[in-house]
Amino acid sequence: MRLIKIILPALLMLNSGLPAAQTLSVIPVPAEVKIKKGVFKLGPETVVRSDERNQFNRTYLLSKLRVAGVTDKRTGNSGVIELITDNTIPQEGYSLISDSLRVTIKASSKAGFFYGIQTLLQMLPPTVYSGVANGFEKWEVPAVEINDYPRYGYRGMMLDVSRTFFDKATIINYMDWLSYHKINKFHWHLTDDNGWRIEIKKYPLLTARGAWRGPGEALAPTFGSGNKRYGGFFSQKDVKEIVKYAAERNIEIIPEIDLPGHSKAVTATYPEVLCESKKDAGESVQGEVSNVWCVSNEKNYKMLENIIKELASLFPGKYIHIGGDEVNMSSWEHCESCSEFMKSHDMKRPSELQNYFVRRLEKIVEKYGKTMAGWDEILEGGDLHKSTAVYAWRSVNKGVESITKGQPTIFMPGPYCYLDMKQSPLERGHNWAGIVTLEKTYSLDPEQNLTGDNKNLILGVQGGLWTELLAWPPRFIEYQTFPRMAAIAEIGWSKRANMSWESFHERITKYHFDRMNQMGIAFRVEPPVATYENGVVYATASYPWAVIRYSDNESNPDSHSPVYCGPISTADPLKYRFAVFYNDFTRSIPVKVQNVDYVYQTPATVVTSNIVANEKSSVNNVSDYKYDTYFRSATKAKAGDYVLYTFQEPVESKRITVESGIPVIDFYWVTDGYVEYSVNGTDFIKVGELNRGKITFTPAEKIKAVKIVITAPNDANTIVFQDLKIE
Ligand code: TNX
């Protein structure tokens with residue numbers, strides 16, 4: 001055992017010709033690393049020194065090193081950590097040199113020192129993050145020489161707090177987590193159709209009414225908020241506190257108020273901003289009506305100026321993001337005043353109106369000393385000011401288009417950077433931009449489709465977390481953000497020559513899991529793959545040191561379940577479930593064997609309902625036992641609505657699962673309703689309430705029918721039913 005302890009670390013260091021940078025296991029991987037002999041030991045005698053202007057960084061470092069026994073010593077020579085200003089080091093860069101006597105971090109900026117400290121923390125035992133020692137740590141820094149600086153000046157993360165509201169404490173935690181990864185921008189999506197989340201003193205109704213949804217509220221309940229009051233907002237005092245906390249950690253906050261579409265939270269409280277359209281202007285891409293500001297109403301620009309003025313005073317950073325995405329421009333086409341306006345300004349297309357709006361906002365934003373930013377739709381309809389930053393979200397090529405048009409550009413293409421997308425087909429999440437695995441995120445190179453010298457217009461990269469699906473389960477925000485955000489961090493910071501997926505994946509699973517765990521993050525663990533061949537079940541995890549647990553009785557494995565140690569012979573593979581366990585709490589989703597179809601019964605069934613299907617679906621979709629088609633309503637369901645599944649012949653089953661909502665995406669389920677069944681087709685026995693749109697039951701005898709009964713309006717404006725799963 002002792003021998004292994006000595007040899008193993010040595011082997012890791014020699015590691016298969018990896019660049020030294022990767023061997024250190026730091027994420028994002030530093031630019032240049034030399035590993036030397038020896039270690040610097042931390043303890044009560046350690047001295048931490050810095051000049052006066054670096055007091056925050058010194059205090060920050062001391063607070064982290066307390067767990068290693070380090071105290072507030074400023075003098076002495078038994079071992080010194082020193083922060084020294086060196087103006088030759090690039091912005092945000094640092095050098096870190098350690099030997100047995102001292103650790104020297106040099107930088108030219110507060111940010112550089114902060115990042116030198118972050119690298120130092122990653123070289124220490126992971127409990128440095130929790131501050132709770134386990135007693136087995138070796139508080140030592142390896143002797144190294146690191147020179148490090150970022151590839152891009154913009155390494156960001158966007159969080160939507162409108163669809164799901166996250167409170168101040170969560171945002172503060174999030175700032176810590178981002179800063180540990182050298183992320184330096186937080187794009188705060190503060191408003192959308194489903195809630196306005198920042199106090200604006202001049203327009204108090206924006207939050208008094210526009211921050212709340214539910215029965216009788218300004219905004220309709222949605223995204224699972226159900227038939228209760230839901231919402232919240234950040235007071236200006238909260239905002240100042242968050243901005244300061246972030247700035248200390250070198251994070252600039254870019255506030256976004258989404259305009260002129262995605263504005264239901266405004267129009268529901270200040271309807272005068274809408275067009276006075278006579279005809280129906282239809283729905284936005286996301287099914288909202290009347291959510292667009294009128295472009296031709298001069299008063300609107302005064303109101304927008306008042307809002308932007310307050311924003312500019314709250315956020316010291318460079319940019320104000322005005323959204324600009326997915327505008328339902330037909331509201332302008334239906335507006336007499338906008339049509340007049342188009343004519344008098346010689347405009348042919350409504351996108352020119354959008355460009356007019358955007359250019360007006362550029363001027364307002366500039367008037368308050370800021371630079372405007374917006375989603376890639378702002379490229380349409382005309383030119384932009386050359387400083388306006390464009391966030392390319394629809395594809396990599398939208399970024400290329402933006403760069404080609406000469407705009408500073410942030411790359412956050414959905415198929416790589418949208419952390420609201422599923423991480424595998426069976427996990428919750430959107431899928432319109434595909435499955436976004438850790439590896440997929442890591443594979444983005446913003447420069448992949450660019451040639452020539454306009455690359456300097458790439459400001460950087462950003463991950464995005466939209467939150468339509470984030471209200472549940474608890475801590476899903478952490479699951480969706482980590483570890484994918486670590487990949488964003490490395491794309492944004494590290495040199496391509498130092499990057500490799502194999503190394504990154506190893507650093508994540510072998511070292512960074514432990515760090516994230518001590519950071520307090522409920523991160524995502526990749527589920528295992530289980531297959532069945534020739535009477536044997538095999539399970540494999542994506543990394544060899546993973547612990548897989550399993551059950552053989554269809555239940556989800558828990559921390560008491562046996563550990564999978566090798567192939568299992570069985571005639572009944574469908575009873576098995578497998579999951580990877582990082583620890584008792586942090587684990588993957590459970591999976592079944594993937595190459596044997598779980599076969600449900602498919603009895604001849606007739607489905608009837610008083611609910612009208614939307615034009616793309618049909619009630620018959622839920623009697624064909626094809627689980628990817630579903631029955632979607634044209635409108636909201638109301639109390640008393642029902643869906644009745646009647647079997648031609650009575651069905652015997654050990655278990656029936658009734659599910660609603662779009663399959664696997666988990667959208668538009670029955671918010672309030674129950675299920676009942678009937679043996680004779682006329683008398684019904686209640687089974688129970690649907691829980692998040694779902695219930696499983698075991699009928700005592702053969703049954704003739706199953707019925708879903710709605711008891712209150714569902715929380716979205718459409719509702720979705722699925723085929724029964726009859727076992
Ligand atoms: C598109 S990305 C949107 C968001 C949604 C997101 C869901 C963008 C600028 N608009 O409003 O939340 O898709 O993935």
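Predicted model: local features only at pLDDT ≥ 70, side-chain atom pairs only at ≥ 80, totals over all residues.
Local features need pLDDT of at least 70 and side-chain atom pairs count only at pLDDT 80 or more, whereas totals for chains, interfaces and linings use all residues. Residues are numbered from 1 along each chain as its sequence is written, and side-chain values use heavy atoms, with hydrogens and water left out.

Q: Is asparagine 355 buried or exposed?
A: Buried means under 20% relative accessible area and exposed over 50%, with partly exposed in between (1.4 Å probe, protein chains only). Because its relative accessibility is 10%, asparagine 355 counts as buried.

Q: Which backbone oxygen does the side chain of asparagine 355 reach?
A: Contact (heavy atoms within 4.5 Å) links asparagine 355 to residues including Ile378, Glu380 and Asp383, not counting residues up to four places away in sequence. At 3.5 Å, its side chain reaches the backbone oxygen of glycine 382.

Q: How far from an oxygen atom of the ligand does a polar side-chain atom of aspartate 420 lie?
A: Aspartate 420 is among the residues that come nearest to the ligand, as are Arg163 and Tyr418. The separation between a polar side-chain atom of aspartate 420 and a ligand oxygen atom is 2.5 Å.

Q: What share of the area that the ligand exposes when taken alone does the protein bury?
A: An N or O atom in the side chain of glutamate 468 is 2.6 Å from an oxygen atom of the ligand. Taken alone, the ligand exposes 360 Å². Of that area, the protein buries 97%.

Note on methods
Polar contact = N/O pair within 3.5 Å; in protein donor to acceptor, adjacent residues only side chain to side chain. Contact = heavy atoms within 4.5 Å. Near = heavy atom within 4 Å. Areas by Shrake-Rupley, 256 points an atom, 1.4 Å probe, with all protein chains shown as cover.
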